Amino acid sequence: AQHDATRSARAKGVHVTQVWDLREVFPLFNVPACVLFANRQHNQGKPAPKRLQGREFKGRLPGHNLSRAEADTYLEIKTESFHLSKLGDATAWTFGKALNLGGTNAYKSEFKQGATIVPRSCYFVDIDQPYQGSLKDRTVRIRTSKAAQREAKEPWRGIELSGSMPTKFLFRTALSNNILPFALNSTKLVVLPGLIEHNKLKLLRPSQMEKLGELEATKWFGAVEKLWIERKTERAESMTFIDRLNFQNGLAFQNTQSRFVVLYIAAGTNICSAVIDRSKIDDLPFITDHKTYVYFTDDEDHAYYLTAFLNGNTPNELIKPFQSRGLQGERDIHKKILEAPLPRFDAGNPDHRALSATAQQAAAKAEAYVAALNLGSDGGNLPANKLGRLRNEMREHLAQEMAEIDTLLECILMR
């Protein structure tokens, strides 16, 4: 999005005339590459050109730094126009054809990013004792999670907290690597300085916990507060540890009562979404993390209508030209998926009901698939390559349902 001014001819002193796309040339650089040709001149208020001269290069070279003559024998070069395409407010140059989708997404402003539960090693925990049954209404020994310790970066490396904790301060959450198409592979435990009142999380300072007689929580979060003061970066100088946790109201806005939680991942090559039914995770409240975007509802059909859209191939392909790209391909999703048009769920619309019903069938099938894998608590700690493979396997397992979803989405989105 930061390059929109260049694409839209608002960049001062630059008039782009031609584009070469080198993304499919290997080896070249460690990130996708392109070449822009431009004149150094003011556009003087002229509208952005709708198309530019362009070339698309593809091929695998025998090495770096070849001459153009040597490289040409290995390259396939297509000459076509690049079109200025639009998806909602987003723009992209697309090769060969323009993409200009009308319509709006009724949920663009309603999905919210979850809470920034950082530094992870202060809040993500493992149970440090054998136990059976529910975690509800008991006190247990906890310790900084091994995964949080492995993934910690400076200045938060080396933190390992442990102690007893009433489970009313424990919550479940899901990170991006917990989410598969239509299912979770596991949840993660977090300890947070707050208690639920009137379906919202009320955050407490250690001094407030002490007044309430919550001595174990006071000890833990007193240590967190001390670590925060000692190690916080210059950018966070004016923030307390609670300010950081609740950055942009990421914790306080969350509805802890709604039965269904629709989640999708904030980043990845392909979007991925699941519905959490809180009635099935009833031992601890569920809180969403900033690696995901969330929508709360008590309507099961509505929830699955949304997750069908968010897992569908049709909207996933629509946003591809508008995603930023890295070495592993497209990465950032955030709210780009909500630029793709989608009408609000209408229980009286047979296509909407059919889409939801198919998604519910897919979810039941996906949950059974995950259960059969018996991933255990380590299911949420899969390395990126294994996680990607598991997501692809899940899509193949759900091929029939995915095809039905795409057919229904095309009917709904093209109206």
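How many helices and strands are there in the chain?

Analyst: The chain holds 12 helices and 21 strands, taken as DSSP runs (H or I of at least four residues for helices, E of at least two for strands) and numbered from the N terminus. This is a predicted model, where local features need pLDDT of at least 70, side-chain atom pairs count only at pLDDT 80 or more, and totals for chains, interfaces and linings use all residues. Residues are numbered from 1 along each chain as its sequence is written, and side-chain values use heavy atoms, with hydrogens and water left out.

Like charges are joined within 9 Å, and nonpolar side chains (Val, Leu, Ile, Met, Phe, Trp, Tyr) within 5 Å. Areas come from the Shrake-Rupley method with a 1.4 Å probe.

A surface patch of negative charge brings together Asp298, Asp299, Glu300 and Asp301; Asp and Glu count as negative, placed at CG of Asp or CD of Glu. Within this group, Asp299 sits in the loop between strand 19 (292-297) and helix 8 (300-311). Asp299 has a relative accessible area of 32%, so it is partly exposed (buried is under 20%, exposed over 50%, partly exposed in between).

Phe29 belongs to the loop between strand 1 (15-26) and strand 2 (34-39), and Phe29 counts as exposed because its relative accessible area is 58%.

Note on methods. Patch = residues over 30% accessible without salt bridge, like charges linked within 9 Å, V, L, I, M, F, W, Y side chains within 5 Å. Salt bridge = Lys/Arg side-chain N within 4 Å of Asp/Glu carboxyl O. Buried < 20%, exposed > 50% of the residue type's maximum accessible area, 1.4 Å probe, protein only.
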